[in-house]
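Hi,

Here is the structure I promised to pass on to you. Have a look at it first, and then read on for what I found in it.

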Amino acid sequence: MWGMEKLCRYKDIVDGGGNLKSNDTLRDQGTTLDWWTYLQIKSRYQKDKDEYGLELGNNGLDKILMGPGKKALAKLYNYLLDEDRAEDTIRNQLRAWESNIGHSLNFNEWEEAWNKNYKLTRAATYKENHYKMLHRWHLAPARLAKMFPNVHPNCWKCGHGQGTFFHMWWTCPEAKRYWSKIRRWLKDIIKEEIDLNPEIFLLGMVKKGHGKEKVHLLIHITTAARLAYAQYWKKKDLPPDDLIISKILECTEISKLTHEINDDENSDYDTVWGRWYEWINDRIKEGVKGVEIN
Ligand SMILES: [Zn+2]
């Protein structure tokens with residue numbers, strides 16, 4: 001990524017109406033950005049748009065970046081992460097996560113892990129889910145209550161306490177019940193203990209030490225579980241097992257397609273997903289309703 005020598009300027013990445021082009025559109029025009037970089041640019045774009053209006057010509061930043069030197073994107077990245085720009089939306093969101101979790105998060109390690117799994121994690125639904133999680137996109141009742149006085153701030157699931165974003169996703173007893181089940185499934189599938197922590201289950205920050213094939217399964221299955229949970233965001237009930245399982249099956253299809261397209265010799269689809277198919281076949285034998293498998 002950092003070896004990319006072509007430099008992006010706003011006039012290249014916004015459309016005629018001044019709106020930031022989608023990452024897919026940018027890719028079609030030959031500018032390939034991983035989701036993390038795109039997210040950073042998007043955050044910067046929003047801030048510039050809100051505060052200054054957009055500068056479509058050569059501005060100060062352009063001059064810095066258009067100057068000599070190969071590592072233009074590395075410079076841009078550092079510019080975006082500059083401490084002086086601490087008010088940037090993304091930094092605030094990351095800090096909110098750190099505050100919830102209770103310790104600092106190693107985003108460099110995370111980005112590294114994501115780049116390694118890039119082929120598997122570039123599917124639109126995955127990127128969208130991770131983007132939404134990172135940006136704390138799902139509106140929780142406590143926040144809605146501040147926006148609309150007639151909305152009750154209590155949790156939609158357990159009915160107690162303040163229904164904050166983190167309560168809804170994690171500290172709620174119902175959410176705990178959900179993630180504990182997903183953790184049990186994962187333990188059955190990969191035959192290893194997994195820490196029940198929000199880094200893994202909500203942000204997909206899988207630490208090293210599980211092995212490549214297991215990391216793939218962890219990322220896929222926790223993402224599918226979040227997609228199912230988000231679908232039941234405003235409901236009192238938790239997503240039923242057959243919904244979670246069908247989300248995971250969609251993930252296996254996406255994974256299969258990307259493997260076929262990439263003809264990737266290093267990551268064998270059957271090895272990666274074999275454990276999952278074994279597990280689901282056992283469950284079908286035991287009589288899980290509503291699951292169709294080819
Ligand atoms: Zn609750």
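A residue is called buried here if 20 or more other C-beta atoms lie within 10 Å of its own, and exposed if there are 12 or fewer. Please keep in mind that this is a predicted model.

Let me start with Y229, which sits in helix α14. Because 23 C-beta neighbours lie inside 10 Å, Y229 counts as buried. Leaving aside residues up to four places away in sequence, Y229 touches Y178 and P239. There is also P240, 11 residues from Y229 in sequence, with 9.5 Å between the two C-alpha atoms.

Of its 294 residues, 24% count as buried. Among contacts with a separation of 6 or more, 53% are between residues 24 or more positions apart.

The axes of α12 and α14 (residues 212–231) come within 11 Å and cross at roughly 150°. The two helices are therefore roughly antiparallel, and the crossing is right-handed. On the α12 side the contact is made by Y178, I182, L186, I189 and I190, which meet K214, L217, L218, I221, T222, A225 and Y229 in α14. By type, that contact holds 10 nonpolar residues, one polar and one charged.

What about α12 and α16 (residues 269–285)? Here the axes come within 9 Å and cross at roughly 110°. That angle makes α12 roughly perpendicular to α16. This crossing is right-handed as well. D188, I189 and I190 of α12 meet R275, W276 and W279 of α16, and the residues of this contact divide into four nonpolar, no polar and two charged. You will find I189 and I190 in the contact with α14 and again in the contact with α16.

K191 belongs to the loop between α12 and α13. Phi of K191 is near 55°, a positive value in a residue other than glycine. As background, most residues other than glycine have a negative phi. K191 is exposed, because 9 other C-beta atoms lie within 10 Å.

E192 is in that loop too, between α12 (173–190) and α13 (198–203). Is E192 buried or exposed? E192 counts as exposed, because its C-beta neighbours inside 10 Å number 12. Not counting residues up to four places away in sequence, E192 touches K187, H210 and K214. H210 is 18 residues from E192 along the chain, and their C-alpha atoms are separated by 8.2 Å. K214, for its part, also takes part in the contact of α14 with α12.

A look at α9

Which residues of helix α9 (residues 124–134) are buried? They are Y126, H130, M133 and L134. Seen down the axis of α9, these buried residues fall within an arc of 95°, so they line one face of the helix. In general, an α-helix has 3.6 residues a turn, so residues three or four places apart point the same way. Just after α9, R136 takes a positive phi of about 50°.

That is what I have for you. Happy viewing!

Best wishes

Definitions and conventions: Residues are numbered from 1 along each chain as its sequence is written. This is a predicted model: local features need pLDDT of at least 70, side-chain atom pairs count only at pLDDT 80 or more; totals for chains, interfaces and linings use all residues. Helices (H or I, at least four residues) and strands (E, at least two) are DSSP runs, numbered from the N terminus. Two residues are in contact if their C-beta atoms, placed from the backbone, lie within 7 Å. Axes are lines fitted to C-alpha atoms, for helices over the stretch in contact, and angles run from 0 to 180 degrees between N-to-C directions. Angles under 35 degrees count as roughly parallel, over 145 as roughly antiparallel, 65 to 115 as roughly perpendicular and the rest as oblique. A crossing is left-handed if the near helix is turned anticlockwise from the far one by less than a right angle, and right-handed if clockwise. Ala, Val, Leu, Ile, Met, Phe, Trp, Tyr, Cys and Pro count as nonpolar, Asp, Glu, Lys and Arg as charged, and the others, Gly among them, as polar. The arc is that of the directions from the helix axis to the C-beta atoms.
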